[in-house]
Amino acid sequence: MKKMILALMTLALAGCLASCGGGDGYRDGSYRAEAKNYDDHGWKEYVVVTVKDGKITEVEFDAVNKDDSRKKTEDDEYKEAYLGAELGTYPEDYTAKLEDSLIERQSADSVDTVAGATNSSKSFKKLVKALEGPMKKGKKDIVTVDTES
């Protein structure tokens, strides 16, 4: 009888751990969401979120160019355009701020909009929000998001 009770308790605990997944209920792994379309400037934003021990531990937010697949954070011309417009930020800067904020706060709803990068901040939050369900279920298919609406 004691063995049976111990076995049932072990199963219950294992079930709770599997469904809870730790922290925010996220399953370990890497998850990707990307914009459905390229924007008016030829960029398609994406986010890759890595979960370990139920917590978001790594985030990559960037955009790729439709003509040559270069990343926006590595495009010096784009950086100069941002700096020339005196927006107070540029892609490499605002993506790092958004990524760090998500790791710290563990929720897209808690991430602050970066001044000078309002549209990219909104897209980031939409992409991450679209991953919340898959991260809880452990579904690693690429999620496509209409970031324009």
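Residues are numbered from 1 along each chain as its sequence is written, and side-chain values use heavy atoms, with hydrogens and water left out. Because the model is predicted, local features were considered at a pLDDT of at least 70 and side-chain atom pairs at pLDDT 80 or more, whereas totals for chains, interfaces and linings use all residues. The pLDDT, which is the predictor's confidence in each residue on a scale from 0 to 100, averages 87 over the protein, with 84% of the residues scoring at least 70. Over residues 4–23 the pLDDT falls below 50, and this stretch has 11 contacts in the model beyond near neighbours in sequence, a contact being defined by heavy atoms within 4.5 Å.

Helices (H or I, at least four residues) and strands (E, at least two) were taken as DSSP runs numbered from the N terminus, and two strands were regarded as paired if DSSP finds at least two bridges between them. Strand β2 (residues 43–52) pairs with β1 (residues 29–35) in the antiparallel sense over six bridges, and Ser30 has Thr50 of β2 as its bridge partner. In the hairpin of β2 and β3, two residues lie between the strands, and Asp53 takes a positive phi near 55 degrees. Nine of the 10 residues of β2 are buried, so this strand is largely enclosed by the rest of the structure; buried denotes a relative accessible area under 20%, exposed over 50% and partly exposed in between, for a 1.4 Å probe and protein chains only.

A nonpolar core is a set of buried Ala, Val, Leu, Ile, Met, Phe, Trp, Tyr and Cys residues joined through side-chain atoms within 4.5 Å. The largest such core has 27 residues, and those with the most contacts inside it are Val47, Val49, Ile56, Leu102, Phe124, Leu131 and Met135. At least two residues of this core are supplied by each of β1, β2, β3, α2, α3, α4 and β4 (143–145), and α4 gives the most, with five residues. Leaving aside neighbours within four places in sequence, Phe124 is in contact with Val47, Val59, Phe61, Leu98, Glu99, Leu102 and Val111.

Rings of Phe, Tyr and Trp (its six-membered ring) were paired if their centres lie within 6.5 Å, with planes under 30 degrees apart counted as stacked, over 60 as edge-to-face and the rest as tilted. The structure holds four aromatic pairs. The rings of Phe61 and Phe124 have centres 4.9 Å apart and planes at 65 degrees, so this pair is edge-to-face. Phe61 lies in β3 and Phe124 in α4 (residues 118–137), so the pair ties together parts that are 63 residues apart in sequence. Phe61 counts as buried at 1% relative accessibility, and Phe124 likewise at 0%. For Tyr82 and Tyr94, the ring centres are 5.8 Å apart and the planes at 40 degrees, so the pair is tilted; Tyr82 lies in α2 (residues 76–84) and Tyr94 in α3, so parts 12 residues apart in sequence are tied together. Ring pairs link Trp43, Tyr78, Tyr82 and Tyr94 into a cluster.
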